[in-house]
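Visitor: I have a structure open and would like to go through it with you. Could we begin with the sheet?

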Amino acid sequence: GADGATHQGVFDIAELRSVPNMTVMTPSNERETRLLLNTAFAMDTPAAVRYPRGKGPGTDPGEDFETVEIGRALKRRTGTRTAFLGFGSMTNVLEKAAQNLDGTLWDMRFVKPIDREAVIEAARTHDLIVTAEEGVLAGGAGDAVMEVIAEAGLTTPVLCFGIPDEFIEQGTQAEIYEMLGLTPEAIEAKVVERLAQLS
């Protein structure tokens, strides 16, 4: 059944980010989950692979034991004006907005260590950065992106989507995403509104 306010698993990204030497991975689909689990298994330092409950999008996970470079994002689409940085399954939610708005889409894969090069490239070549995660915004992946931008001395605006600083009542994932404006349509509308302000 649906999870209540205490068991929705929305605090783990922010909590694990604060642990020294911890690697935090956020796979976006079944294939990415296998790759990142393989990578975690091959590491000799603490690692967490954060995947959502329920069904994935249906990607073939494969049967190999391939690993990925730690801390390296995967650019899925190149576009203009807006850079969409997705963490976990929210990458798939951002994909539709990125297509409709001709934006660039990164599957960030790692919250810690975050791909600083990808974030800085996004900030230097786009008017707006959009992040989305299934966790709380306070201390989460969006904050990690903004930290990189601030440390680099850049001023690109960032629009973060995630769980607000409040307990969310029981509901299905679809119901909660709708309520919190974490659907492709709601995200796209907010991005269009912010882009208009930047024009």
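Visitor: How many strands form the open sheet, and in what order?

Guide: This is a predicted model. In it, 5 strands form an open sheet in the order S3-S5-S4-S7-S8, with mixed pairing.

Visitor: Which strands are at the edges?

Guide: Strand S3 (74-77) and strand S8 (158-163) are the edge strands, each pairing on one side only. From one strand to the next, the twist averages 20°.

Visitor: In which sense do S4 and S5 pair?

Guide: S4 and S5 pair in the parallel sense, over 4 bridges.

Visitor: What does Ile129 touch, beyond its sequence neighbours?

Guide: Not counting residues up to four places away in sequence, Ile129 touches Ala83, Leu85, Val119, Ala122, Ala123, Val145, Ile149, Thr156, Pro157, Val158 and Leu159.

Visitor: What about Val130: buried or exposed?

Guide: Val130 is buried, with a relative accessible area of 0%. Val130 belongs to strand S7, residues 128-136. Once neighbours within four places in sequence are set aside, its contacts are Thr82, Ala83, Phe84, Leu85, Leu94, Leu159, Phe161 and Val191.

Visitor: How do H4 and H5 cross?

Guide: The axes of H4 and H5 come within 10 Å and cross at roughly 70°. H4 is therefore roughly perpendicular to H5.

Visitor: Which residues meet there?

Guide: On the H4 side they are Arg116, Val119, Ile120 and Ala123, and on the H5 side Val145, Val148, Ile149 and Glu151. The residues of this contact between H4 and H5 divide into 6 nonpolar, no polar and 2 charged.

Visitor: A change of topic: the backbone. Which peptide bond is cis?

Guide: The peptide bond from Lys112 to Pro113 is cis, with omega near -5°. Pro113 sits in the loop between strand S6 (110-112) and H4. As background, most peptide bonds are trans, and most residues other than glycine have a negative phi.

Visitor: Where does Asp102 lie, and what is its phi?

Guide: Asp102 lies in the loop between helix H3 (90-100) and strand S5 (104-107). Its phi is near 50°, a positive value in a residue other than glycine. Asp102 counts as partly exposed because its relative accessibility is 36%.

Visitor: And what is the phi of Arg109?

Guide: Arg109 has a positive phi of about 65°, although it is not a glycine. Arg109 is in the loop between S5 and S6. With 9% relative accessibility, Arg109 counts as buried.

Visitor: Why does Arg109 count as buried at that value?

Guide: Buried means under 20% relative accessible area, so Arg109, at 9%, counts as buried.

Visitor: Which residues is Glu32 in contact with?

Guide: Leaving aside neighbours within four places in sequence, Glu32 is in contact with Pro27, Leu74, Asp107 and Arg109. Glu32 is placed in helix H2, residues 30-42, and counts as buried at 5% relative accessibility.

Visitor: Arg34 next, please. Where is Arg34 found?

Guide: Arg34 is found in helix H2. At 23% relative accessibility, Arg34 counts as partly exposed.

Terms used:
Residues numbered from 1 in each chain as written. Predicted model: local features only at pLDDT ≥ 70, side-chain atom pairs only at ≥ 80, totals over all residues. Heavy atoms only, no water. Contact = heavy atoms within 4.5 Å. Axes fitted to C-alpha atoms, helices over the stretch in contact; angles between N-to-C directions. Helix = DSSP H or I, 4+ residues; strand = E, 2+ residues; numbered from the N terminus. Parallel < 35°, antiparallel > 145°, perpendicular 65-115°, else oblique. Nonpolar A, V, L, I, M, F, W, Y, C, P; charged D, E, K, R; others polar. Buried < 20%, exposed > 50% of the residue type's maximum accessible area, 1.4 Å probe, protein only. Pairing = 2+ DSSP bridges.
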